[in-house]
Amino acid sequence: MTSAMNRNRLYNVNTRLVYGMRSIGKGRHAAQTFCAIMNLPPPPARFDREVFFINESLSEIAEASMRKAAMETVELNGNNRDICGAFDGSWQKRGHTSLNGVVTATSLLTGKVLAVEILTKYCQTCSQGKGTVHKCTKNYKGYSGGMEVQGAVNIFRQSEDSLNIRYVQYLGDGDSKGFKKVQEDKPYGEGVEIEKLECIGHVHKRMGARLGRLKKELKGIKLDDGKTLAGAGRLTNTEIDLFQTYYGLAIRRNTGNVEEMRKSVWATYFHKISTNEKPYHQLCPKGLDSWCGYNKAQAQNKDLADKKLLEKCTHGCTQNPNESFNNCIWERLPKTVFVGLNVLKTDVLDAVITFSDGSSSRKKVLELMGIKPGLNMERALCAIDVRRVKEAEKAMQTQSKEQRTAKRNQKRRREEEEKEKEDGYNPGMH
């Protein structure tokens with residue numbers, strides 16, 4: 001009772017506790033345990049009521065954040081409001097059986113969140129079979145995998161009214177269902193064509209996926225030389241990893257130039273089939289700085305090289321911001337714990353403001369509710385933002401990337417060696 005009340009007639013300390021718990025992905029039961037261990041009075045009995053009012057403030061701050069991100073994008077785009085957006089869907093439960101899903105649009109120029117569409121197939125009142133008149137919280141019906149499609153269409157339809165922008169380019173993964181639906185919907189009228197771009201991260205993974213599938217299909221089958229495709233000195237998982245890496249580098253190092261991109265893709269193929277007796281290094285880079293050992297010494301599958309596919313990769317961008325943002329959401333919402341729409345919105349919107357504007361933006365949420373953040377809160381949130389920037393800068397360093405790649409390849413080689421030494425696991429084996 002010693003705490004002041006805010007404009008919603010709620011005690012400030014209770015509101016802080018609930019917002020703090022939701023910020024780390026915890027709810028009422030975790031709050032009860034925390035208060036017990038800290039020898040504090042129990043959390044508010046009407047926990048959901050606190051979440052509702054926090055949600056109201058978060059909605060206002062998140063919408064302002066997304067409008068600001070849209071303005072920044074337009075400015076960087078030469079004050080042209082026709083922009084490119086990266087779109088991705090994510091679900092709370094794996095396997096496309098989730099009742100909750102989130103579709104996001106991020107800016108390719110800033111990496112910030114431009115729009116989110118929160119979809120659910122669940123309503124507590126409906127699930128209890130009560131015939132009472134109520135406001136149903138369901139906003140999606142149908143196959144869970146279709147949430148991404150519906151969410152993308154909704155984001156396109158709302159973009160002009162809410163953000164005064166038009167998404168004229170659609171950067172997405174290989175699954176083009178969302179793009180096709182947007183094309184059919186024609187959200188900006190008959191005269192505006194929407195172009196499909198490919199995420200180079202997803203495109204370069206296709207090389208590994210197809211080689212892995214080929215290796216599986218030909219398992220145990222002897223080739224013309226009397227040997228199988230897999231095995232030592234053949235197409236191992238390590239070699240597949242290298243093929244995939246080289247394919248990705250061929251795209252990334254030649255952004256904006258399709259012909260050089262195709263040349264580099266084929267260079268990888270010819271380099272790999274070369275022998276001392278039959279060298280095929282004509283397409284490999286020349287000079288002392290070449291990655292090709294043969295040419296360096298001298299100086300001292302067809303659709304993956306398809307021109308139309310590579311033209312969609314000349315932008316050199318990925319869906320990494322979407323993936324990072326999705327990770328921020330599911331840090332707050334574990335995929336093993338189901339939540340209703342109100343909690344889902346609260347955690348998604350909190351992820352929006354912290355992802356785009358940093359943890360310090362949480363101060364605005366409390367201020368909007370009439371709560372003064374306080375010196376300790378300001379210092380702590382500032383420290384979190386500083387640490388986040390340092391970690392991001394370290395992760396972007398070339399040396400850090402190479403170390404992660406080397407560690408991943410080493411782990412895969414170790415797994416292969418162990419697999420060859422031991423028999424595989426099969427149920428019922430003795």
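This is a predicted model: local features need pLDDT of at least 70, side-chain atom pairs count only at pLDDT 80 or more; totals for chains, interfaces and linings use all residues.

Modeller: Residues are numbered from 1 along each chain as its sequence is written, and side-chain values use heavy atoms, with hydrogens and water left out.

Biologist: Why are helix 5 and helix 6 called oblique to each other?

Modeller: Helix 5 (residues 147-163) and helix 6 (residues 177-185) pack at an angle of about 40 degrees, with their axes 8 Å apart. Angles under 35 degrees count as roughly parallel, over 145 as roughly antiparallel, 65 to 115 as roughly perpendicular and the rest as oblique. Helix 5 and helix 6 are therefore oblique. Their crossing is right-handed.

Biologist: Which residues in helix 5 and helix 6 meet?

Modeller: Contact means heavy atoms within 4.5 Å. Val149, Ala152, Val153, Phe156 and Arg157 in helix 5 meet Lys177, Gly178, Lys181, Val182 and Asp185 in helix 6. The residues of this contact divide into five nonpolar, one polar and four charged.

Biologist: What makes strand 3 and strand 5 stand at the edges?

Modeller: The open sheet has five strands in the order 3-2-1-4-5, with mixed pairing. Strand 3 (113-120) and strand 5 (195-198) each have a single partner strand, so one side of each is left without a neighbour in the sheet. The twist averages 30 degrees from one strand to the next.

Biologist: How do you know that strand 1 and strand 2 pair?

Modeller: Two strands pair if DSSP finds at least two bridges between them. Strand 1 (residues 82-91) and strand 2 (residues 100-107) have seven bridges, in the antiparallel sense. The bridge partner of Asp88 is Thr104 in strand 2. Seven bridges also join strand 2 to strand 3, again antiparallel, and Asn100 stands opposite Thr120 in strand 3.

Biologist: Why does Asn12 count as buried?

Modeller: Buried means under 20% relative accessible area, exposed over 50%, and partly exposed in between (1.4 Å probe, protein chains only). Asn12, found in helix 1 (residues 12-23), has 13% relative accessibility and therefore counts as buried.

Biologist: What makes strand 2 mostly covered?

Modeller: Eight of its eight residues are buried. Asn100, Val102, Thr104 and Thr106 point one way from strand 2, whereas Gly101, Val103, Ala105 and Ser107 point the other way.

Key
Axes are lines fitted to C-alpha atoms, for helices over the stretch in contact, and angles run from 0 to 180 degrees between N-to-C directions. Helices (H or I, at least four residues) and strands (E, at least two) are DSSP runs, numbered from the N terminus. A crossing is left-handed if the near helix is turned anticlockwise from the far one by less than a right angle, and right-handed if clockwise. Ala, Val, Leu, Ile, Met, Phe, Trp, Tyr, Cys and Pro count as nonpolar, Asp, Glu, Lys and Arg as charged, and the others, Gly among them, as polar.
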